[in-house]
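Biologist: Please take one part of this model and look at it closely. Keep it brisk.

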Amino acid sequence: VPARYDASKPGPIVVLFHSAIQPESDWVARAFFRELADATGTIILAPGGNDRDAAAMVRSVEAAERALRPVVAWDPKRRYVGGFSDGTFGAFHTLALLNEPCAGFLGIEGFMLPADARPAGARLSGRGAYLIAGGADDFIPIDEIHKLVRTLRSEHVFARLYELPNAPHALRPIYTTIARAWRDMLAGTITIPKDGYGPVSK
């Protein structure tokens, strides 16, 4: 919960799914994310669960939001979802299965299961997806992120790519880019540059 939290003025919430080697508590244990949340007045919700079991992650986020609602107020129109690495596919899968609002998506060096493309795309249609890719990522090939950008744009999602040519598969080296994508997401920035990955379908 951000330092300036005011229950009378519900703000945005970002639901962040953890990676395979990252406990859910890592999101708020890192000073970077706490400071980013404070600076933007954002609540961070980090559900637990087995990141390799997407269905378990869905149950986890349902339980986490159910537990949080009585004690913390947020703006349902400013609910965002995202994840890092394997957590990204869990986040997309949650979008595909849950009938919950989503104002935008933050994907950090992660991918989407092909079966989730249509339902997750429908949930994000007309909204932004902010995808961060590292050129030196030896876990998620950068071509997979490029493919994801094209897939989402074909589903009428304003997918923006934040590519760092020499970035590895790790959070700390890309903090500055995460902050930029985070702020663009909260601002609702959906302009698409001429990047060679095609237009957003109508």
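**A close look at one residue and beyond**

Modeller: Phe17 is buried, at a relative accessible area of 0% (buried means under 20% relative accessible area, with a 1.4 Å probe and protein chains only). Phe17 sits in strand E1; strands are DSSP runs of E with at least two residues, helices are runs of H or I with at least four, and both are numbered from the N terminus.

This is a predicted model: local features need pLDDT of at least 70, side-chain atom pairs count only at pLDDT 80 or more, and totals for chains, interfaces and linings use all residues. Residues are numbered from 1 along each chain as its sequence is written, and side-chain values use heavy atoms, with hydrogens and water left out.

What does Phe17 touch? Not counting residues up to four places away in sequence, its contacts include Trp27, Pro47, Met57, Val61, Val81, Phe84, Ala91 and Thr94. Contact means heavy atoms within 4.5 Å. Tyr197 lies 180 residues from Phe17 along the chain, and their C-alpha atoms are separated by 26 Å.

In H2 (residues 31-40), the buried residues are Phe32, Phe33, Leu36, Ala37 and Thr40. Seen down the axis of H2, they fall within an arc of 130 degrees, so they line one face of the helix. The arc is that of the directions from the helix axis to the C-beta atoms. Just after H2, Gly41 takes a positive phi of about 65 degrees.

Note on methods: Buried means under 20% relative accessible area, exposed over 50%, partly exposed in between (1.4 Å probe, protein chains only).
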